[in-house]
Amino acid sequence: MSRLSKSQWEPRNNHLRAGSTSRFYAINVYEKKPNDEGYSMYAYGLFTSLSKIALKMNVESLYKVECLIVEEKDDKLFVSDGVYSAPFFHGNNYGTKATNSFVFSKEENFTGLKAGATTIADGKVVNHPRVVKLYGTVSDFSPKATNTLPINMRRAVFGLHFKITPPEEGKLTVSYLGWYVYVTKASAAYENRKVYSFDDIEKGSQEGYQTQVDMQITWTKDDGTNEKETKQVVLKRNVMTVIEIKVEGQKPHGFTFNEESGDMKTENVEWNLIF
């Protein structure tokens, strides 16, 4: 009979210990038994309580663990009858309940932990949700050696801090990553900072990761005409990028008159008439 050991997850970051209903832990566990060439599905589970994350393991096997932590911020996750959607789909796109327990399965587990797609509270699916995502993996863990399985969880996030001066007329629309900011001439100076998750969680959690995105500004003037400008912005992992925006129309051109100076020249014309 196989000997089983109960292993407790403890993420290294101490601040992760504070559990709350706005923090979710999605975990895939794979097992490699003695003489197996590769890993097979073993268990998966969605948790809201860190203290509930514990799993019995065969001490003769090795285990691989994949974990995604999602912390709600400006966006909240969509839930219907206790069932959560992306990124917590399992199997063939089935929603998952946060039962605070593992489901043992060799046929299905979470399928979208590395993807950016996230269903937020209004049912909209976005690739750069305004939540904090942390991702980590461990391979070849042996429960024989210890009953504690530490996982280094790394943020897969970037920040944007907008400082926008209202236009002298009309309205400004700033579009980026499927999100929009609107500022009118009647608005106060706009300043707002938010944290977003990358659309590639595995790459986005790696040290030094960065990517370029296009941001577009549309200035709709009072007469209905539009002025557009696009700029590439570099988004860096775990970095808050400050973006200051100010638009101005063409200014009236002044006139300078350089008047001719000096005395008028004199020229003589002789007109002698003999009749």
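A salt bridge (a side-chain nitrogen of Lys or Arg within 4 Å of a carboxyl oxygen of Asp or Glu) joins the side chains of Glu202 and Lys114, at 3.6 Å from N to O. Glu202 belongs to helix H1 (residues 201-204) and Lys114 to the loop between strand S9 (103-104) and strand S10 (118-119), so the contact ties together parts 88 residues apart in sequence; helices (H or I, at least four residues) and strands (E, at least two) are DSSP runs, numbered from the N terminus. The model is predicted: local features need pLDDT of at least 70, side-chain atom pairs count only at pLDDT 80 or more, and totals for chains, interfaces and linings use all residues. Residues are numbered from 1 along each chain as its sequence is written, and side-chain values use heavy atoms, with hydrogens and water left out.

The structure holds 11 salt bridges. One of them pairs Arg130 with Asp75 at 2.8 Å, N to O. Arg130 and Asp75 are both buried (under 20% relative accessible area, with exposed over 50% and partly exposed in between; 1.4 Å probe, protein chains only). Glu207 and Arg154 form another salt bridge, with their closest N and O atoms 2.4 Å apart. Here Glu207 is exposed, at 64% relative accessibility, whereas Arg154 is partly exposed, at 31%.

Aromatic pairs (rings of Phe, Tyr and Trp, the last by its six-membered ring, with centres within 6.5 Å; planes under 30 degrees apart are stacked, over 60 edge-to-face and the rest tilted) number 14. Phe158 and Tyr196 are stacked, at 5.4 Å centre to centre and 10° between the planes. Both residues, Phe158 and Tyr196, are buried.
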